[in-house]
Amino acid sequence: MENNYVFNMPDGRSVPVKQTWVYLGADGNYYPAPAESVRSEGTSYYFEYNQSRVPVSVQYVYTDANGLPTAAPADRVMLVPVAVAAAPAQPVCEAPAYQAPTYEAPATAAAAETAAGVYAAPAASVPAEQEKPVSRFRRDCERVGGSLLLYVLISTAAALVVIGLFAIPMIVAVVSDPSVREMVMEAVQSGADQTSLGMLLMEELPEARLLQTGVWVATIIGALLASTLPMFRIAKKSGFKAGSVFAKPTRVKGLNIKCYFAAMGITGAWIFIYAFLTSLIPAMQNSGSGMDVPQDLASIILYCFYVCICAPILEEFIFRGMIFKSLSRYGVVFAAITNSLLFGLLHGNLQQAPFAALIGIVFSYAALRTGSIRLPILLHFGVNFFSTLVNVLYSYIFPEQGDLINGIYLVFEVIFIIAGIITLIACRKQIVWSPENPETCATALPYEGGEVKAKGFHFATCGLIILFIGYCLFSIVASMGIL
């Protein structure tokens, strides 16, 4: 005779139950595990996730009077013969027998709460109709592209509004003073570029110095607004809390210094490659970052604050936090490459885009291994701080010693290149694209992309992604002065 499981309810009825596999998430909640992936080893059970084993346990589920799946406490579940369970004294409920659903993604509700010995499972955990994997993948990619386009629009709009407010006093000063107008006309007729004209105005007009300060205030405000509103949308639609990516990182011995040497080595190598390419293609000399060091103290402070503090936190939150995590369910390597390419393209110039994309992969690896974006933020700060320090010393503090500072800078870059090469060779066999601790990893979701083939093709053919990439490529070409 076959056996079955029943749940003895508080009112004395016996309800048939089904077994389902669950695992404990990093937030302390239980989530359904893919039953087809569960394996056993001795008396323990697990499923594979990014080359790591995640322990699973059994949860018993029955159908309540509303036809919804409900978890039953294990201490009230009994193993009985089918004949006993199949003929209860009275009907248990009118709903059809419960069948364990196939979960497309982990449930987003909190852990089951205890109430009179019965654990209530949310109805949202049972999808009415399962979405096709490719359709869901394309939808998630479109969400990323749409959020990045919103980032560009919000940051640009906010910057224009703030700059406009700061520009009004300077416009009034230029219009009302004939000598200033004549000076500007002579400079334009003599072929002065934008930078030279700006420095000339700053020497003559206090309002021009105020405008330069306003540019950096606008940049900071625009970045803050653009980095929060669209990215919280990604987190909400993907089923996780945006702040979770700032979780306490798992310590991985030596990872911080290894990743820093790798990132700085890539940066140094690109400096020499870019210098060589500009000697072959003169138009590339115009494709700079557009962030020249300002010439007044207030603007320099804002410049350093943005480059060294705001940019590392906000950009890592966007790319290694929201985008990497939302796409990680389709493979962490795919998510790392994708967010890094988008990160590089967003810089909008050839001087930064290639090496930014490469170090983005290093930052993604650090985020995955530690399960947090705290280490990528520190690495990003380290890269930006070194270049910012050199730029300020070169352009503002010791401009007369520019050749000496530039020579010292290049020596350090050679040292970083050598250190980066040694690090990559020595650690090549230690590179593992999986969290150090899967149970506490807050930067990746369980893998669900096995049925999605040709991810790169589907990603590259999403309309909003194409639009964003087109905008970035247009910015790069425009920065070279071709358009």
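A disulfide is a pair of cysteine sulfur atoms within 2.5 Å. The model is predicted, so local features need pLDDT of at least 70 and side-chain atom pairs pLDDT 80 or more, while totals for chains, interfaces and linings use all residues. Residues are numbered from 1 along each chain as its sequence is written, and side-chain values use heavy atoms, without hydrogens and water.

**Exercise 1.** Determine how many disulfides the whole structure contains.

*Solution.* The search finds zero disulfides. For Cys259, the nearest cysteine sulfur belongs to Cys427, 9.2 Å away. The sulfur of Cys462 lies 4.7 Å from its closest counterpart, in Cys141, and is therefore too far for a bond.

**Exercise 2.** Decide whether Cys462 is buried or exposed.

*Solution.* Buried means under 20% relative accessible area and exposed over 50%, with partly exposed in between (1.4 Å probe, protein chains only). Cys462 has 0% and is therefore buried.

**Exercise 3.** Describe how helix H2 packs on helix H7.

*Solution.* Helices are DSSP runs (H or I, at least four residues), numbered from the N terminus. Axes are lines fitted to C-alpha atoms over the stretch in contact, with angles from 0 to 180 degrees between N-to-C directions. The axes of H2 (residues 133-176) and H7 (residues 297-327) come within 9 Å and cross at roughly 160 degrees. H2 is therefore roughly antiparallel to H7, a term for angles over 145 degrees. Contact means heavy atoms within 4.5 Å; among the residues involved are Cys141 of H2 and Phe319 of H7.

Note on methods: Helices (H or I, at least four residues) and strands (E, at least two) are DSSP runs, numbered from the N terminus. Angles under 35 degrees count as roughly parallel, over 145 as roughly antiparallel, 65 to 115 as roughly perpendicular and the rest as oblique.
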